[in-house]
Amino acid sequence: MDRKFVMAGLGYALVGLALGIYMAASKNHSQLVTHAHIMLLGFVVSFIYGVCHKLWLQNVPARMANLQFYIHQLGTLVLLIGLFCLFAGLVPEPILGPVLGIASVIVFSGLVLMKVMFIKYTRT
């Protein structure tokens, strides 16, 4: 599971850096919020989850670990695509607002599941 998270995180890093380079070159920073979320939620959080799995969560049942991975990735992808569409002016906020809210709750539930796994499957 650690490798899946790290690979996903590195994928987000590539996308986030490419978006950052594009914004710098074009001097159009309208996607700044999207860029920040890609780098933090996509890259940093996925990478940290991978480190947690590598260092402390080797005993987590595969089904639970996979569920947490896919919850985080689903919520993150929907949130990032929604933010991109919002700040590109492709979809109006009244339509995207609820989608972004639901995606945020999905990402949050992934974090709650990570916390549960960390409490249940690590020793102090």
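Begin with the crossing of α3 and α4, which in this predicted model is left-handed. Select helix α3 as residues 62-87 and display it together with α4; the two pack at an angle of about 155°, with their axes 8 Å apart. Because angles over 145 degrees count as roughly antiparallel, α3 is roughly antiparallel to α4. If you colour the contact of α3 with α4 by residue class, you will find 20 nonpolar residues, eight polar ones and one that is charged.

The crossing in which α2 passes α4 is left-handed. To see what makes the contact, show the side chains of Leu41, Tyr49, Cys52 and His53 on α2, and then, on α4, Val107, Gly110, Leu111, Met114, Met117 and Phe118. Sorted by class, this contact of α2 with α4 holds eight nonpolar and two polar residues, and no charged ones.

Next, centre the view on valine 107, whose place is in helix α4. Is valine 107 buried or exposed? Its relative accessibility is 11%, and because the cut-off for buried is under 20%, valine 107 counts as buried. Now select what surrounds it: leaving aside neighbours within four places in sequence, valine 107 is in contact with Leu41, His72, Gly75 and Thr76. Among these, Leu41 also belongs to the α2 residues that make the contact with α4, to which Val107 contributes on the α4 side. For a sense of scale, draw a C-alpha to C-alpha distance from valine 107 to alanine 24: the two are 83 residues apart in sequence and 29 Å apart in space.

Finally, bring in the annotation from the record and compare it with the model. An unreviewed UniProt entry lists residues 5-25, 37-57, 69-89 and 95-118 under "transmembrane region". Select residues 5-25, and you will see a span that is 100% helix and 0% strand, with its end C-alpha atoms 30 Å apart. Then move to residues 69-89, where the end C-alpha atoms lie 30 Å apart and the span is 90% helix and 0% strand.

Conventions: Residues numbered from 1 in each chain as written. Predicted model: local features only at pLDDT ≥ 70, side-chain atom pairs only at ≥ 80, totals over all residues. Heavy atoms only, no water. Left-handed = near helix turned anticlockwise from the far one by under 90°. Helix = DSSP H or I, 4+ residues; strand = E, 2+ residues; numbered from the N terminus. Contact = heavy atoms within 4.5 Å. Nonpolar A, V, L, I, M, F, W, Y, C, P; charged D, E, K, R; others polar. Buried < 20%, exposed > 50% of the residue type's maximum accessible area, 1.4 Å probe, protein only. UniProt positions renumbered as here; feature names shortened; annotations may be inferred. Axes fitted to C-alpha atoms, helices over the stretch in contact; angles between N-to-C directions. Parallel < 35°, antiparallel > 145°, perpendicular 65-115°, else oblique.
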